Amino acid sequence: MPALAFTPCDLPPEAEALRGDVRAFLAEELSGYPASERARSWVGFDAAFSRKLGARGWLGMTWPEPWGRGASALERYVVIEELLAAGAPVAAHWIAERQSGPLLLRFGTPEQRERILPGIAAGQTYFCIGMSEPDSGSDLASIRSKAVKTVVDGETGWVVNGRKVWTTYAQKSHYMIALLRTGVAGESRHEGTTQFLIDLSSPGVEVRPIRNMIGDEEFNEVTFDDVFVPASMMIGGEGEGWQQVTAELAFERSGPDRFLSAFALLGELVRFVEGLPPGSAAHGQVGRLYAHLATLRQMSISVATRLDAGEEPSLEASVVKDMGVTFEQSIPEIAQQILGVAPRLAAGSELEKSLAYVQQACVSFSLRGGTTEIMRGVIARGLGLR
Amino acid sequence: MTDERSMIAETAARLFAAHLDTATFAAAEAGTWPAALWDEIAANGLDRVLVPEDQGGIGGGWEDAFEILLAAGRHGAPVPLAETIAASWLIAQAGLDVPDGVLTLADGEPVAVSSAGIITGALSRVPWGASASRIVAQAMDENPDRIAVFSPVGGKGALDHNIGRDPRHAMLVDGLTAQTGPGGSVMAVGALVRACQMAGAVGRVLDLCVTYAGERVQFGRPIGRFQAIQQQLALLAGEAAAADIAARSACRALDRRGDAFVEIATAKIRTGEAAGKAAAIAHQVHGAIGFTDEHHLHHLTRRLWSWRAEFGAESVWATHLGNLIAAQGAGRLWPDLTARG
């Protein structure tokens, strides 16, 4: 029976050395940025802010020269946990830097890297993920959007037709990495899919924002109507889509974004408790939340350390995501149930407005990047149960 | 892990596995001192892991002790090993000679000490109080780290048990003579060893559940093939992992810094919560057989519920920790967390 392997790890000195610089930068850039905005966490979109991060060399820093400086994954860990703890508006570059860039480094062609990576590292080129479809959520292998080989005006390429949904910030992105059907699914259901780099300004691409229940327009429906994608935009080999997607999701699942999404609200709760006489039930709740947060961070750093050493702790990553999301969702619950804080909109205090946002947004935390049920299925498989 | 630490871990695991069968549990819980087990623990020096080498101990640190406590917790060992390890460390920290034999510590309750070293106090639940050659209690003193070390001989006691059916003694200690010294927080050290034991027991409970879910067949297949069971065991696996790293981190912090109040509080809160969740899931998965006396599961779950409450329940530590966080202020929350590593 494989035990889950988590070990307390220190972030190395070269990683800790970055913390002060990032903190000073954020203190200046975000001075006066209210808690209720910080509560938006990695959904806050600010292209100017992303460009400043790029200029500081904090995007793509782990990538080899000339795109990055070959920093360790643990140096990047410090940068992103500081950004998230500060509630910095990182959404513009977030997916490009976290997922798309690493994917292209691993599977892309030299030409694709040369064309794309400098823009991501500069905080200027943004990506969205084309996985989910109207009839394919957790069951990703059932996708139907397809790419068919073709020749147009002597140029070989692919014609793409279909629809992707829940595509975060597609309306502000330059590219999508789309998982498309290029052949038959086969017995494993995982065959016959390929990923493509799609320029969203191509003719035949239509992006329609889908207003979410908070009233924000973050995710979208993206329709492809006979969109021509040059052969040079295929990622890796034909039929390698599933394997790439699986590798990509492991990067996504254990980072500090999986337990710091509601950190601004936690900070406001501490501020609230500061004004109460010591020893209250609210103090106990803050202490309990801290214990969970500190433990999750240790677990997350343990996974990051193993990733940095070239291991693939995908089971442990799933555990961090599942438990991290549960923790994040417990914060608004405690705010309401124990502390009696009311979620309020414009006229509320920063605490009330932060709660209003997180209370509504947090239902999506256990859906994005793999639902809780899927995560627990992955863990159960790791335990040898399926 | 260092070679020596691996060796300690293997010795502890082997020793508990060899000695703890259902009959040993039944006898121990009926009041028979498990002499064979304890003698082998002592012969291997496991109870002296934190005692300096010049006093005949192993001279190890808390990360070494963790491996022993984890193994003891995994087996629900009905012996005062955690108590002896914790008390020996406090006594050594106080600069006193560590006495031979079984040692224990009061569950957070302090005693008054006169200038002549005469103690007065009522201790309601001393773990293994009648088996110990010395008891350590916090001394009421302007130095919060001051401890009193005394022999229970001459005190008036009454035997009770926690629901793990391990002995907990009520004691009136009026007029006994004690040695004192600046040993540290009895409550914190007690909480730390309980956290380590709980991490071990929760890990073992997970193993028992995974094995059972793979063997027990209902509706024509092992129950572990059902998603409802898989989802519960995935949750349990997460709790086990969190408990393990929380307890381990506290041991590591204490070795490194001496001041590990925050990490110990975190460990007691997190392992206590894991204990409650793990026990509930494990009994649900095991069904009626897990509720029988003959099954091993309850040797662990009854102790988890007991350990959870001892040396400060989660609510006690969470309030201490919350008070500290509120006093530092919201602006220090993240900087302090990251500075502790």
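Guide: Helices (H or I, at least four residues) and strands (E, at least two) are DSSP runs, numbered from the N terminus, and by that count chain B has eleven helices and eleven strands. The model is a predicted one, in which local features need pLDDT of at least 70 and side-chain atom pairs count only at pLDDT 80 or more, while totals for chains, interfaces and linings use all residues. Residues are numbered from 1 along each chain as its sequence is written, with chains lettered from A and ligands numbered from 1 in the order in which they are written.

Visitor: Why is chain B called as compact as a globular protein of its length?
Guide: The radius of gyration is taken over C-alpha atoms, and the globule rule is 2.2 Å times the number of residues to the power 0.38. The radius of chain B is 20 Å, close to the 20 Å that the rule gives for 341 residues, so chain B is as compact as a globular protein of that length.

Visitor: What makes B:A106 buried or exposed?
Guide: A residue is buried if 20 or more other C-beta atoms lie within 10 Å of its own, exposed if 12 or fewer, and partly exposed in between, with C-beta atoms placed from the backbone. B:A106 has 28 other C-beta atoms within 10 Å, so B:A106 is buried; its place is in the loop between β1 (103-105) and β2 (111-113) of chain B.

Visitor: Which residues are in contact with B:A106, leaving aside its neighbours within four places in sequence?
Guide: Two residues are in contact if their C-beta atoms, placed from the backbone, lie within 7 Å, and on that basis B:A106 is in contact with B:L123, B:V126, B:I135, B:A137 and B:V186, its neighbours within four places being left aside.

Visitor: How many residues of chain B are in contact with chain A?
Guide: 42 residues of chain B are in contact with 40 residues of chain A, and α7(B) gives the most to that side of chain B, with 15 residues.

Visitor: What makes strand β4 of chain A mostly covered?
Guide: Six of the seven residues of β4(A), residues 175-181, are buried.

Visitor: How do you know that β4(A) and β5(A) pair, and which way do they run?
Guide: Two strands pair if DSSP finds at least two bridges between them; seven bridges join β4(A) to β5(A) (residues 193-199), and these strands run antiparallel, with A:L180 opposite A:T194.
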